[in-house]
Amino acid sequence: MMVDQVSSPAQHQIEVPLGAPVLAQALRYTAMYGPKPFPEALLVYLDNGAYKILSLGEEHFGSYVSATDLSTEPRHVAFLSWPSADWGRNVASHTLTFEKDTGAFVQSLVLPGDPVPRAQHGYAAVIDTPPAELMDASWEELRAACAPMFEALREGAERANRSD
């Protein structure tokens with residue numbers, strides 16, 4: 001993967017190696033950032049601290065640091081997207097904290113130049129899709145393959161909302 005870095009007057013590029021997938025999560029948002037109203041997403045963690053996220057309206061890469069070992073489900077993870085069209089050729093910072101027992105997560109989105117973090121939340125579950133499929137498939141293909149997981153997350157979110 002090549003990541004463009006633009007500087008004046010010449011354009012430069014650096015090569016960023018992608019690791020192998022080690023974990024993937026299906027995400028179901030119940031509160032979203034307005035300009036990105038995509039309730040479902042697939043988050044793929046790679047073994048070298050890179051990640052890939054796909055949804056109906058975005059697909060980009062970035063870096064992550066997890067406060068826990070990924071051999072167990074993540075608990076607190078900081079993400080920094082790489083410059084992409086998804087974020088206007090800029091970056092975005094996301095910090096997600098996952099609740100082990102309920103699968104709920106809270107997310108704080110920080111955008112460059114915006115002093116107000118955007119709060120998001122929802123539910124997540126680890127999926128068992130084969131790693132090769134995660135990197136090469138489109139959102140539509142992965143959404144279809146993970147349909148039962150996304151449906152279970154939607155139903156869980158609805159149950160939680162009714163009990164509040």
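Guide: The secondary structure of the protein comes to three helices and ten strands. Both kinds of element are DSSP runs, numbered from the N terminus: helices are H or I with at least four residues, strands are E with at least two. This is a predicted model, in which local features need pLDDT of at least 70 and side-chain atom pairs count only at pLDDT 80 or more, while totals for chains, interfaces and linings use all residues. Residues are numbered from 1 along each chain as its sequence is written, and side-chain values use heavy atoms, with hydrogens and water left out.

Along the sequence the pattern reads β-β-β-β-β-β-β-β-β-β-α-α-α. The radius of gyration is 16 Å, close to the 15 Å that the globule rule gives for 164 residues, so the protein is as compact as a globular protein of that length. That radius is taken over C-alpha atoms, and the rule is 2.2 Å times the number of residues to the power 0.38. Of the 164 residues, 43% count as buried. Buried means under 20% relative accessible area, exposed means over 50%, and partly exposed lies in between (1.4 Å probe, protein chains only).

Now the core. In soluble globular proteins, nonpolar side chains tend to be buried together. Here the largest nonpolar core has 24 residues. Such a core is a set of buried Ala, Val, Leu, Ile, Met, Phe, Trp, Tyr and Cys residues joined through side-chain atoms within 4.5 Å. Those with the most contacts inside this one are Leu42, Val44, Tyr123, Ile127, Leu134 and Leu142. The elements that give two or more residues to this core are β3 (21–31), β4 (40–46), β5, β10 (118–126), α1 (131–136), α2 (139–145) and α3 (147–163). The largest share, four residues, comes from α3.

Take Leu134. Not counting residues up to four places away in sequence, Leu134 touches Pro21, Ala24, Leu42, Val44, Lys52, Ile127, Thr129 and Leu142. A contact means heavy atoms within 4.5 Å. A second, separate core has 16 residues, including Tyr29, Ile53, Leu70 and Phe79.

Next, strand β10, which holds Ala125. With a relative accessible area of 16%, Ala125 is buried. Leaving out residues up to four places away, Ala125 touches Ala24, Gln25, Ala26, Met149 and Leu153. Ala125 and Ala24 are 101 residues apart in sequence, yet 8.4 Å apart in space, C-alpha to C-alpha. Across the protein, residues 24 or more positions apart account for 42% of the contacts with a separation of 6 or more.

Strand β5 (residues 50–55) contains Ser55. Ser55 is buried, at 3% relative accessible area. Setting aside neighbours within four places in sequence, Ser55 is in contact with Phe38, Glu40, Ala41 and Trp139.

Last, the aromatic rings. Rings of Phe, Tyr and Trp (its six-membered ring) pair if their centres lie within 6.5 Å; planes under 30 degrees apart count as stacked, over 60 as edge-to-face and the rest as tilted. By this rule there are nine aromatic pairs. Phe98 and Phe105 form a tilted one: 5.9 Å centre to centre, 50° between the planes. Phe98 is buried at 8%, and Phe105 is buried at 2%. Tyr45, Tyr51, Tyr64 and Phe79 form one aromatic cluster.
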